[in-house]
Every structure is written in structure tokens, then in C-alpha cells.
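Here are my notes for you on this one. Have the sequence and the 3D view open, and take the points in order.

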Amino acid sequence: MTTAEEDVIRAECEEWAGGLLYMDSNESRDELRDRIGANPDAWWRILQELIAHAPDDQVIQRLAYGPLRMTLDCGGDRLLREAVSLARTSPRMASAVKGWPSRPTTNLYPLLGRDFVVDTLIRHYSHPTGFDFWAWEMARDLIEDDPPEAWRFVLALVHRAHDEGVLHVVAAGELEEFVLAHAADFIDRIEQEAGANSRFKSALSYLYVWRLSPGLFGRIEAAAGVQLTRRAGP
């Protein structure tokens, strides 16, 4: 590929980054796919540079929305593996790989791995930059789509939330959402974990789950070992 051709690709990617281009029809999507499909490796090289130097996550999501998504589709498993490998050391690339609309959580989560997503979410809560927000989105998808893995994920979050403030955020976020959605199916495991894990028991004390049935609420409250907050008002 000539330098002139690379300049054309870079210029188009920069227009995407600036919000000047978007896909508004199947025709525009197909045209972009054809351009990228002619040389996905060239697009990938240029996108890596632009993502690495992106000033904020908005720029990254614009690149992810069109050119990166198509580049990874055209490049197949090889480029996706490269992107995931880079994501492990680059928060910007991780955000781009998960960028909307992208591959579903059920596809990406196994590639990224529980430990990496947990650590990223803890970092997001401890030192937010905007580049790690994707882990928050992935956690919500897990809670909705894969309760058994979401349970393991939440336990790992509680275990690694060493700062009490972060533990509070995790408890009021992922743990509370999980309990509200799945307490009926997981109540025995919740009680067992609280009995064996003082940190998990402490996390339960932060929950605001008055919407549960009285029976489930009472069992969660007993597992927490403290009186939980009830609905305000008469």
C-alpha cells in the first residue's frame, strides 16, 4: 500500500473520530465494509495509533462504532485476538473493543476473562478515567444474561474491593442488582456465602432491596446480620 493510500485511510478514520462520518443506511455500511475489506491490516495499524492517542472515550467510541468494528469483522479471529491482547495493557483499546455497537458480552467476556474485567471495574470505581466504563456495562450484561457467571463475578468483585468505599459501591451496584434480579434462585448460596465470608456479609449490609418479597428480604437481612434499609414513607 502506498503512503497516499494510507493517508486516505487515516483521513477517513480521523473524520470518524471527529464525529463527521456515520453509518446511516445499509448502503453506507456495505461501502465501509468494502473499503476496509480491501486491506483490513492497514486500517488496523492506523486505528491502533488513533486509539492509543485518543483524548477521551467519546473519540474512541466514534472509532469503535464504524471503522474498528468493521476492521475486526473483516480481519476475523486473528485481528480480534490481537485487539484483545492489546486491550489487556491498554484501557483505551479495551474500551474500543467493547465499544457500542460491538460484539456481544457473551462473545467478548470469555476472551477477556473474569479477572481482567473485575480488575478493570475495580479500577473504574477507584480511579475513574472514562476509559474503563465498558467493564460496568459488561457487568450489567452478565447479571441479565448469565446469572451463574454473574454470581462468580460478583464474589470476585467483593473479594478484590479492598477499599471500603469501593466495597460500598460494588455492594450498592453489582451485588444489589444481582440480588434484586436473582435472589429467589440464589438465596441459599447467598446465605452460605455470608456465613463463611465476613466481607461478603458486610457487603450485604449496604443493600437497598426492599422491593424483594418479605420472605426473601428477611432472609437477606438475616444473612447481613444487621437491619437493612426499608422503603421510606408511610
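1. Let's begin with cysteines. A disulfide is a pair of cysteine sulfur atoms within 2.5 Å. By that rule the count here is 0 disulfides.

2. Before going on, a word about what you're looking at. This is a predicted model, so local features need pLDDT of at least 70 and side-chain atom pairs count only at pLDDT 80 or more, while totals for chains, interfaces and linings use all residues. Residues are numbered from 1 along each chain as its sequence is written, and side-chain values use heavy atoms, with hydrogens and water left out.

3. Buried means under 20% relative accessible area, exposed means over 50%, and partly exposed is in between (1.4 Å probe, protein chains only). C13 has a relative accessible area of 0%, so this residue is buried. C74 comes out at 28% and therefore counts as partly exposed.

4. Now the whole chain. Helices (H or I, at least four residues) and strands (E, at least two) are DSSP runs, numbered from the N terminus. How many helices and strands are there in the protein chain? You'll find 12 helices and 0 strands. Reading along the sequence, the pattern is α-α-α-α-α-α-α-α-α-α-α-α. The C-alpha trace spans about 70 × 35 × 30 Å along its principal axes.

5. Next, surface and contacts. Of the 234 residues of the protein chain, 45% count as buried. The accessible surface comes to about 11,800 Å², and 50% of that belongs to carbon and sulfur atoms. These areas come from the Shrake-Rupley method with a 1.4 Å probe; for residues, only the protein chains shown count as cover. Contact means heavy atoms within 4.5 Å. Take the contacts between residues at least 6 apart in sequence: 67% of them join residues at least 24 apart.

6. Here's a helix pair to zoom in on. Two packed helices are described by the angle between their axes and the distance between the axes. Helix α6 (residues 105-112) and helix α8 (residues 133-145) have axes that come within 10 Å and cross at roughly 115 degrees. Which residues make the contact? On α6 they are T105, L108, Y109 and L112, and on α8 they are W134, M138, D141 and L142. Sorted by class, that contact has 6 nonpolar, 1 polar and 1 charged residues. (Ala, Val, Leu, Ile, Met, Phe, Trp, Tyr, Cys and Pro count as nonpolar, Asp, Glu, Lys and Arg as charged, and the others, Gly among them, as polar.) Axes here are lines fitted to C-alpha atoms, for helices over the stretch in contact, and angles run from 0 to 180 degrees between N-to-C directions.

7. Have a look at R114 too, which sits in helix α7 (residues 114-126). At 31% relative accessibility, R114 counts as partly exposed. Leaving aside neighbours within four places in sequence, R114 is in contact with Y109, E149, R152, F153 and A156.

8. Is A161 buried or exposed? With 0% relative accessibility, A161 counts as buried. You'll find A161 in the loop between α9 (147-160) and α10. Beyond neighbours within four places in sequence, A161 is in contact with I122, V166, L167, V170 and R199.

9. Helix α10 (residues 164-196) holds E193. Its relative accessible area is 22%, so E193 is partly exposed. Setting aside neighbours within four places in sequence, E193 is in contact with W151, L155 and F200. E193 and V170 are 23 residues apart in sequence, and their C-alpha atoms are 16 Å apart in space.

10. At 55% relative accessibility, E27 counts as exposed. How far is E27 from A224? The two are 197 residues apart along the chain, and their C-alpha atoms are separated by 56 Å.
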